[in-house]
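Q: I would like a close look at one part of this model. Please start from a single side chain and then go on to the fold elements.

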Amino acid sequence: MGKKFQDGKFYLVREDVLPEAMKKTLDAKELIERGRADSVWEAVNRVDLSRSAFYKYRDTVFPFHTIVKERIITLFFHLEDRSGTLSHLLSETAKHGCNILTIHQTIPLQGRANVTLSLNVTDLTVGLEELLARLRRLEFVEKVEVLGSGA
């Protein structure tokens, strides 16, 4: 996915005009979130969707109710392992009104570490798209993904 699309706008689209693969991606995500499927493989098989289509759409299509009601998001980061990067990342998220709920960091391997943050964004001072764009522009951030939203 190109940089242009990562920082793009969000649109509200009626379900009947969504491609079938996007609808099935939403169904698979729901199976996983509700614990009715133990893995992506099981979920995509149950809704008759390829894993590649699921991974293509999973971070780009969300049910409207989760975006409107839920004020908790989980972000995945792939970071360069340098002194102070986690501190700088946490500081940047807090600066924009995010309350950090959980932090999980892997042991750095080959100069890289993965960090997952759960954030309460109720008091977010910028739009979610703008927050993601600002986090992606940090020099030590190689990747940012929205893993999910929910209470």
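Which backbone oxygen does the side chain of Thr25 reach, and at what distance?

A: The side chain of Thr25 reaches the backbone oxygen of Ala21, at 2.7 Å. Such a polar contact is a pair of N or O atoms within 3.5 Å; within protein, one must be able to donate a hydrogen and the other to accept it, and residues adjacent in sequence count only if both atoms are side-chain atoms. The model is predicted: local features need pLDDT of at least 70 and side-chain atom pairs pLDDT 80 or more, while totals for chains, interfaces and linings use all residues. Residues are numbered from 1 along each chain as its sequence is written, and side-chain values use heavy atoms, leaving out hydrogens and water.

Thr25 belongs to helix α2, residues 20-33; helices (H or I, at least four residues) and strands (E, at least two) are DSSP runs numbered from the N terminus. Its relative accessible area is 0%, so Thr25 is buried (buried is under 20%, exposed over 50%, partly exposed in between, with a 1.4 Å probe and protein chains only). Leaving aside residues up to four places away in sequence, Thr25 touches Leu49, Ala53, Phe54, Tyr57, Arg58 and Val61, contact being heavy atoms within 4.5 Å.

Elsewhere in the model, four strands form an open sheet in the order β2-β3-β1-β4, with antiparallel pairing (two strands pair if DSSP finds at least two bridges between them). Strands β2 (99-105) and β4 (141-149) are at the edges with a single partner strand each, so one side of each has no neighbour in the sheet. Seven bridges join β4 to the antiparallel β1, residues 72-80, and Thr74 stands opposite Gly148 in β4.

Two helices lie across these strands. Helix α7 (residues 128-136) lies across β1 and β4, at about 150° to β4.

In α6, the buried residues are Thr85, Leu89, Leu90, Glu92 and Thr93. Down the axis of α6 they fall within an arc of 160°, so they line one face of the helix (the arc is that of the directions from the helix axis to the C-beta atoms). Their cover includes β1, β2, β3 and α7. Exposed Ser87 and Lys95 sit on the face of α6 turned away from its buried side. Just after α6, Gly97 has a positive phi of about 90°.

How values were computed: Axes are lines fitted to C-alpha atoms, for helices over the stretch in contact, and angles run from 0 to 180 degrees between N-to-C directions.
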